[in-house]
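Subject: Structure handover

Hello,

Here is the structure you will be working with. Please open it alongside this note.

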Amino acid sequence: MPIYYHEETKTFRLDAKDSSYAFFVNRFGYLQHLYYGAHISDTSLSELAYTAGHSSIHALPPASTGAFFSLDVSRMEYPCFGRGDCRGTALSIRRSDTGTVDTDLTYVSHKLYAGKPTLAGQPATYATADEADTLEILLHDTVSGAEVTLFYTVFRNLAAITRRVAIRNAGKNVLEVERALSLCVDFHDVTDMDVVHLYGEWARERSVERVPMMHGTQSVGSLRGASSHVHNPFLALCSHHATETAGDACGFSLVYCGNFLASAEMDSDGGGRVLLGIHPDGFRWRLEPGETFETPEAVSVWSSEGLGGMSRTYHRLYANHLVRGKWKTERRPILINNWEATYFNFDEEKIFGIAEEASKLGIEMLVLDDGWFGKRDNDKSGLGDWFVNEQKLKGGLKKLVDRIHGLGMKFGIWFEPEMVSPDSDLYRAHPEWALQVPGRENSVGRNQYVLDMTRTEVQDYLFGRFADVLSQGGIDYIKWDFNRNFSEVGSLTVGTERQGEIFHRYCLGLYALLERLHNAYPDLLLEGCAGGGGRFDPAWLYYAPQIWTSDDSDAIERLDIQYGTSFCYPPSAMGAHVSACPNHQVHRTTPIATRGNVALMGAFGYELDLRTLTDEEKELVRQQCADFRRDYALTHTGDFYRLISPWHDRTDCAWCFVSPDRREALLTYVVIRAKISIPRYVRLQGLNPDALYRCQETGEEYHGDTLMHAGYCIRKTNSDFHSEKLHFEVVG
Ligand code: DGJ
C-alpha cells in the first residue's frame, strides 16, 4: 500500500506514483506538514519538521505546556482560525455557546484502506481497490465539540492525491461553520516559485497567468454562483525555472461548480500556504448537534516534469476517474449546432435543411439550440416553459426528430434548466421558485432570474420536462446552458439562520438533478455550457464528458482558450466547433482548414449554415469528419503535449497527441502572425527516441530523437492563419 505510517514518530507518508506527501502528529497532538514533492524513501521524517524561531509576539498554544511551538510559524496540515495561526486558515467555526471563533483540532485516530469512498451527493473522482488507497484521520476539538475527518486518497499510477473534509458537530451546542476549505498545503520554501492560474471573461476564458509568489496572499475565486468565466477552480505553483517539460510543478484543482477560493500565501519566512475550497464569502453552514458538513473534493498533482507533466496527470485522472458512463469510452458524434447558423430565427424546414446538408458531409448529430420552446424569439422570454413551440416547429418536435433520424443522424437539444424568464408561464405560476430576497426586486441578467435549485419541487419539475421532451422519439444529447451570474441569493424555503447555506445548497440541488438524469438516461450524452465556458470545471465533467469551451468560436482566439483550458482539463472535454467566417465574435476570416485543425483538438463539431459553403469547402468538411473518426483514439486517449504557446510571441502555436504506445503522433501547427519565410522547427515531445517515424502527409522519415530534439521543420510560416496537421507513424 502506498500509504506508510511510522508508528514511533507518528509520521504518514503518502506516495502517489512518483511523488510523496508527508505529515506527522507532533507531541501536542497537532498535525504538522512535512513534505510534498518528488518521491522520497524515508518515513521517519519528523526531524524534518519546520521549527522556525518565533518571537514573543507569537501565541503558543496550549500556554500551560510551556511548549516552544507556535502554530503561526509551523507548517500545518489543516489549520484552524482562533488559536494563534494568523495566516489564512482552512477552517473557521463560530460557536453558539460563546459566540467566538476558535477551533483547536488534535489527532484522535486514523484508518487506512484500499480503494476510495464515495462522496454522497457530490461529484468526485473514483477508483477501485487496485487503483488507489485511502487514509482517514480523525481530529477533534474537545472544547467546541467539532470532530473533523480528513480524507486523503492516493492514486497508485498517477501522481494525484484527492482531499476532502467532513466536519461533524459532536458537541451539545450549535456550530456555525464560516469557512471549510477542502485542502491546505504548507510548503517550507516558496521563494523561488511562481503561481499559475487561469483568468478570463465571457468569450475569453482561461488565459494563463504566471507570476512570482509575493509576500502576502494572491488569490483567485468566484462569487458568481458558478465557477465562472473569470477564474477557474485551479491554481498551480511551479519553480521559477519550470518549463513545459522540466522542473517542479504542483497543481490544485477543486471538483466544484460553485463559488470557490484558491489562494497562495507567502509568509515572511519564505514558507508558503495553498488553500482551496468553497469561497468563505457568502457561506455559513449551521451544524446542529450530530450533523455533518462535507466539503467538495480537491485534487493535487505533483510533477517533476514541468507543467506539461502536471497537465497530463490531470488529463488522465479526469478522463478516466471522473468522467463516467457510456461516453467516457464510446466515440462521441460529430455534431452540427444551429446556433450561429440561425440564432432564434428558424423553423423546422431550415433546421432540416441544415441537417440534410450535414448528413451528406459525414456529420452525425443535429443539435437544436435555443428557441425551440415556449415564447422564445429572442432572449427576453420563455425560459422555464420547456414545451415545444409548434408555431416554429410545425408538426411538433417528434416529427422533426424522426426526420433527422431518417437521415441517419442523432438528435440533440438545448436547455437552460436553472433559469426562468420573468415573462414565462412558469414564473407567472411560481414566482416563489426563483432565488430572491424578500423586500428586494430581483436583478436580471440576460433578462432572466435564477431558479431556486435547493427546492425539490423545482428539481422535480425540471426532471419532468426532460422526461417529456426526451420521450419524443429518441433524443440522444442535451446541451445544458447557464447564462447569468447570481444575485439576491436567498431561498424562501429556509429561515434566516440557514440563508448562508444557499449558494452551496444550490450546487447540491443541481448535482441531485444531474445525477437523476444520469441514472435515468445512461445513454444520454450531456454537454455542459455556461454562456460558453463559464462552468468549465471538474464537477461538470462528472456529469458531462464534454463542455462547450467558449462562445468565441474564432480559430485564433480558440488557440489561447484551448491552450489555457488544457492546463487542467483533457482536450476530449473541450467542445470545439468550426464556425462561419467572418467570425461572428471577432470578425476574423481564417481558412476553413485551420478552423478544422483547431476544432479537431477537442469534442468536434460545426456551427454554421453548411448550405452556404462552396463545393471545395464541403469537400474539406468531409475530410475533417473522416480525420476526426480516424484520429479519435489518438486525440481522446493519447497524451497531449503543448509544444508552442500562443502567448510566447503571438506568432504561432503547436501541440501534439501521442498514442499510449508511442507509435503514432499527430502534430498541429498554426501560424498566428506571418513572418517572411522563416522556417519553424517544432520540437515534438513524448515520442520513442529510437523509433523511426514516417510523416504520412510528406513521406519524410525521422527518428523520434530527431523529431524531439532537432524538431520537424515547417517551411510555410509566411501566411496568416495557415495551419498544418501532420500524422507520424512508426515504421521501424
Ligand atoms: C450561450 C451558449 O454558450 C451558446 O452556445 C448558445 O447556446 C446560447 N447561449 C443560446 O442562448
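Two strands count as paired if DSSP finds at least two bridges between them. Please keep in mind that this is a predicted model.

**Strands β16 and β17**

By that rule β16 and β17 pair, in the antiparallel sense, over seven bridges. F260 stands opposite I278 in β17. The two strands form a hairpin with five residues between them. In that hairpin G270 takes a positive phi near 90°.

β16 covers residues 260-266, and seven of its seven residues are buried. In a regular strand the side chains alternate between the two faces of the sheet. Here F260, A262, A264 and M266 point one way from β16. L261, S263 and E265 point the other way, and all of these residues are buried.

β16 also pairs with β13 (residues 216-222). Seven bridges join β13 and β16, and the strands run antiparallel. G216 stands opposite M266 in that pairing.

**Strand β10**

β10 (residues 175-187) is mostly covered, with 13 of its 13 residues buried. Its partners include these:

- β5 (residues 91-95): antiparallel, over five bridges. The bridge partner of L91 is A180 in β10.
- β18 (residues 285-287): antiparallel, over three bridges. L175 stands opposite L287 in β18.
- β17 (residues 272-278): antiparallel, joined to β10 by six bridges. F187 stands opposite G272 in β17.

So β17 is bridged to β10 and also to β16, by the pairing rule above.

**The barrel**

Which strands close into the barrel, and in what order? There are eight, in the order β21-β22-β23-β26-β27-β28-β29-β30. The pairing is parallel. Neighbouring strands of this sheet are turned by 30° against each other on average, direction ignored.

Helix α8 (residues 502-520) packs on the sheet. It touches β26 (477-480) and β27 (525-528). The direction of α8 makes about 170° with that of β26.

M365 has K410 in β23 as its bridge partner.

**H504 in helix α8**

H504 sits in α8. Is H504 buried or exposed? Its relative accessibility is 2%, and buried means under 20%, so H504 counts as buried. H504 touches Q122, Y256, I278, F283, W285, F293 and E294, leaving aside residues up to four places away in sequence. I278 is also the residue that F260 stands opposite in β17.

**The ligand**

Which residues come nearest to the ligand? Of the 13 residues around it, they are D369, D370, K479, D481 and D551.

- K479: a polar side-chain atom lies 2.7 Å from an oxygen atom of the ligand.
- D481: an N or O atom of the side chain is 2.7 Å from a nitrogen atom of the ligand.
- W548: an N or O atom of the side chain is 3.5 Å from an oxygen atom of the ligand.

Taken alone, the ligand exposes 290 Å². The protein buries 98% of that.

**Helix α10**

α10 spans residues 555-565. Of its 11 residues, 10 are buried, so the helix is largely enclosed by the rest of the structure. The buried residues are A555, I556, R558, L559, D560, I561, Q562, Y563, G564 and T565. At the start of α10, a side-chain oxygen of D554 reaches to within 3.1 Å of the backbone nitrogen of I556.

**Backbone points to check**

K17 has a positive phi of about 45°, although it is not a glycine. K17 is in the loop between β2 (11-16) and β3 (19-25). It is partly exposed, with a relative accessible area of 43%.

R446 likewise has a positive phi of about 45° and is not a glycine. R446 is in the loop between α6 (425-429) and β25 (449-450). Its relative accessible area is 29%, so R446 is partly exposed.

A cis peptide bond joins C581 and P582, with omega about -5°. P582 lies in the loop between β29 (574-579) and α11 (592-599).

Best wishes

Methods: Residues numbered from 1 in each chain as written. Predicted model: local features only at pLDDT ≥ 70, side-chain atom pairs only at ≥ 80, totals over all residues. Heavy atoms only, no water. Helix = DSSP H or I, 4+ residues; strand = E, 2+ residues; numbered from the N terminus. Buried < 20%, exposed > 50% of the residue type's maximum accessible area, 1.4 Å probe, protein only. Axes fitted to C-alpha atoms, helices over the stretch in contact; angles between N-to-C directions. Contact = heavy atoms within 4.5 Å. Near = heavy atom within 4 Å. Polar contact = N/O pair within 3.5 Å; in protein donor to acceptor, adjacent residues only side chain to side chain. Areas by Shrake-Rupley, 256 points an atom, 1.4 Å probe, with all protein chains shown as cover.
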